[in-house]
Amino acid sequence: MSKAPGLFVDIGKKAKDLLTKDYTSYQKFTVSTYTVAGVALTSTALKKGGLSTGDVAALYKYKNTQFDVKVETDSNISTTLTFTEILPSTKTIASFKVPDYKSGKLEVQYFHDHATVTTTVGLNQTPGVDVTATIGTPTIAFGAEVGYDTTSGNFTKYTAGISVTKPDSCASIILGDKGDSIKASYVHYMDQQKKSACCG
């Protein structure tokens, strides 16, 4: 079992996923298949109100590299490249969307036995920089996130959180919106297989 505390975005994620992940107010149809070459293809059609949209996605893994591309019906093309272990204990993720060239981002994640650090930089002329850090263990983790605008020289966000995880429960508290809001969540699993849970 890993001794790492996980990423900052994982604090409070279990409760959020339990409450919202599989809830939809629209019709969705998805077909997935794999090619002989190992490419995962997924086609999705969505109907929300009177509007219908769709996309086709391809995912290919080769050694320590993962290539993910999605073509949407509104002519957007999203691409994500993920490289693991370019440097020891790291994951590097580059993403961009065409035709929105200002959407490009580069993220580097570093994993240590008792800490994780991520840095995300926008790939444009006025990049924003986000840095997160988490220390602890898989049982208890403390984390913080800071966003910085290189154009204005101002901090755009700072958030702090704590998470406590046990085999049958998970609790978290997040102080967000530059200290103006606090969110608390608790998940309790009713069975060992974690198929039934209550959340608050």
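**Overall build.** I kept in mind throughout that I was reading a predicted model. I looked up the secondary structure and found 14 strands and one helix in the chain. Along the principal axes, the C-alpha atoms fill a box of roughly 45 × 40 × 40 Å. I then checked burial, and 24% of the 200 residues count as buried. The chain exposes about 13,400 Å², and carbon and sulfur atoms supply 60% of that area.

**Charges.** I noted 21 positive and 18 negative side chains, with the centres of the two sets lying 4 Å apart. The count of salt bridges comes to three.

**The pair in the helix.** I found Lys13 and Asp17 joined by a salt bridge, with their closest N and O atoms 2.7 Å apart. Both belong to helix 1 (residues 13–20), and because they are four residues apart there, about one helical turn separates them. Asp17 is partly exposed at a relative accessible area of 25%, and Lys13 is also partly exposed, at 38%.

**The pairs between strands.** I next looked at Lys157, whose side chain meets that of Asp130 in a salt bridge at 3.5 Å, N to O. This pair links distant parts of the chain, since Asp130 sits in strand 9 (residues 128–136) and Lys157 in strand 11 (residues 154–166), 27 residues apart. Lys157 also forms a salt bridge with Glu145, at 3.3 Å from N to O. Glu145 lies in strand 10 (residues 140–149), 12 residues from Lys157. Through shared partners, Asp130, Glu145 and Lys157 are joined into one network. I recorded Glu145 as buried, with a relative accessible area of 16%, whereas Asp130 is partly exposed at 24% and Lys157 is partly exposed at 29%.

Methods: Residues are numbered from 1 along each chain as its sequence is written. This is a predicted model: local features need pLDDT of at least 70, side-chain atom pairs count only at pLDDT 80 or more; totals for chains, interfaces and linings use all residues. Side-chain values use heavy atoms; hydrogens and water are left out. Helices (H or I, at least four residues) and strands (E, at least two) are DSSP runs, numbered from the N terminus. Buried means under 20% relative accessible area, exposed over 50%, partly exposed in between (1.4 Å probe, protein chains only). Accessible areas come from the Shrake-Rupley method with a 1.4 Å probe; for residues, only the protein chains shown count as cover. Lys and Arg count as positive and Asp and Glu as negative; His and the chain ends are not counted. The place of a charge is taken as NZ of Lys, CZ of Arg, CG of Asp or CD of Glu. A salt bridge is a side-chain nitrogen of Lys or Arg within 4 Å of a carboxyl oxygen of Asp or Glu.
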